[in-house]
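Please keep the sequence and the structure in view while reading.

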Amino acid sequence: MTHTVEKIGGTSMSRLNELRDTLLIGGRKGDDLYGRVFVVSAFGGITDLLLEHKKSGKPGVYGQFANSDTGHGWHDALTEVSKAMIEAHESVLDHPGDVEQATDFVRNRIEGARNCLIDLQRLCSYGHFQLSEHMLQIRELLSGLGEAHSAYVTVLMLQRSGVNARNVDLSGWRDDGHYTLEERIMKAMEGVDPTTEMPIVTGYAQCTEGLMREFDRGYSEVTFSKLASLTSAREAIIHKEFHLSSADPKLVGAENVRKLGRTNYDVADQLSNMGMEAIHPKAAKTLRQAQVPLRVTNAFEPGDPGTLIDDQPAETPAVEIVTGLDIVALEVFEQDMVGVKGYDAAILDVLTRHQVRIVSKVSNANTITHYLDSSLKTMRRVEDDLAKLYPQAKISSRTLSMASVIGRDLSTLRVLTRGLQAIAEAGYEAIGATQGPRNVDVQFILERDDLNPVIAALHGAFVSPQASQKLKTAA
């Protein structure tokens, strides 16, 4: 196939009118407009209002509905979503007729969802039906509202500009059928010709697997990767508001960062582990197995090729990215642990039960330390459970940070040694450091306040032009 499948994130969608004039249309005319399938997220902030705020956890409609006895809270929250959706499309649509159609669409979907929740709440007032058994389906229903709205608005805008755009709604609204994700996508794409029309596809897809069950807020990238795989796309492209670069420009200076021209899925996995997702790991797996290369670009610089991510190794050893993450170190010390099996498995069971993400871990004869991406509140519950299992153990949690130096091939670069030297020369100290035999990343454990300056020091040591020349000489 000669088409691409391209994803636009929520923050970028809020600047849809700018995207029309650059990415979606720009200077293209005629056949050059086509051969591209776009998967869209909800407008920025809408999914937070529908579910919960991604960072603060403030409950949206879903949280209000789950915890409300009277129903007033979620009703008000749903009304707020309606207002936010209307404000979102009013800010990007130019024609009054398009605004009116989009507003009618919002009211239809919002009131349909409201009636559904009212009926479900009434049904569950009977003892035979438990609301808790339906919460996942409610989360799925609410999630689909945001993407259905943004796709509809995008099609209105493009059609007004003379583009043969087509709305491909995977949200399953009022659909009686039961389909797997693959079936849902293939059924929706029947009769769609990317060479003569521009399909705008919802990032959420209703399916029997339940995308929220496994992927939760990462569902749009799963839909995107599956669509690219099933349609044998030439390339899968994710449009962000920034380039994938060697470090955060705010930390090391915009003049010092280096845009990645090419990397591989191995590096993408390491970035995901550090909370810096280029793409959801499961989505990356789908593309990798289908042999579809991924490109990450800046949505507002369509002339820049961005970063190509495929399965190819590096031609020469090099540091590509320096990044970091705040972590919590969970340490379990038990003097009698040495020679006894089962400690690690039991700790993993507790962490899994509390849905704590493991970033890395180290151990010795009588101590196991997990570096975790978690809140201290959750860690208190983890510690309580572990104390019941091992009453003689000393169990503690500590807030730290982890800086990571990442590249497709770090062999011969002496990253561990040079990194420790760079940290010391900058006036800081690494509490710990680890390097695996695969030579794709080196991790440095730090006090939390030291993370940002250490990232800058490591970037200066490995990525700056002067550093690159030193590393070449050393190699």
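Contact here means heavy atoms within 4.5 Å. Helices (H or I, at least four residues) and strands (E, at least two) are DSSP runs, numbered from the N terminus. The model is predicted, so local features need pLDDT of at least 70 and side-chain atom pairs count only at pLDDT 80 or more, while totals for chains, interfaces and linings use all residues. Residues are numbered from 1 along each chain as its sequence is written, and side-chain values use heavy atoms, with hydrogens and water left out.

The protein is divided into domain 1 (4-233) and domain 2 (321-473), with bounds that come from an automatic or database domain assignment. Between the C-alpha centres of domain 1 and domain 2 there is a distance of 38 Å.

Consider next an open sheet of 6 strands, whose order is 10-11-9-12-14-13 with antiparallel pairing; two strands pair if DSSP finds at least two bridges between them. Strand 10 (357-363) and strand 13 (432-435) form its edges, each pairing on one side only. Strand 9 (residues 321-333) and strand 12 (residues 394-406) are joined in the antiparallel sense over 13 bridges. Val-332 stands opposite Ile-395 in strand 12. Helix 14 (residues 343-353) lies across strand 9, strand 10 and strand 11 (367-373), and runs at about 20 degrees to strand 11. For such angles, axes are lines fitted to C-alpha atoms, for helices over the stretch in contact, and values run from 0 to 180 degrees between N-to-C directions.

Helix 10 (residues 219-230) is mostly covered, as 9 of its 12 residues are buried, that is, under 20% relative accessible area with a 1.4 Å probe, protein chains only. Among them are Tyr-219, Phe-224 and Leu-227. Just after helix 10, Ser-232 takes a positive phi of about 50 degrees.

Note on methods. Buried < 20%, exposed > 50% of the residue type's maximum accessible area, 1.4 Å probe, protein only.
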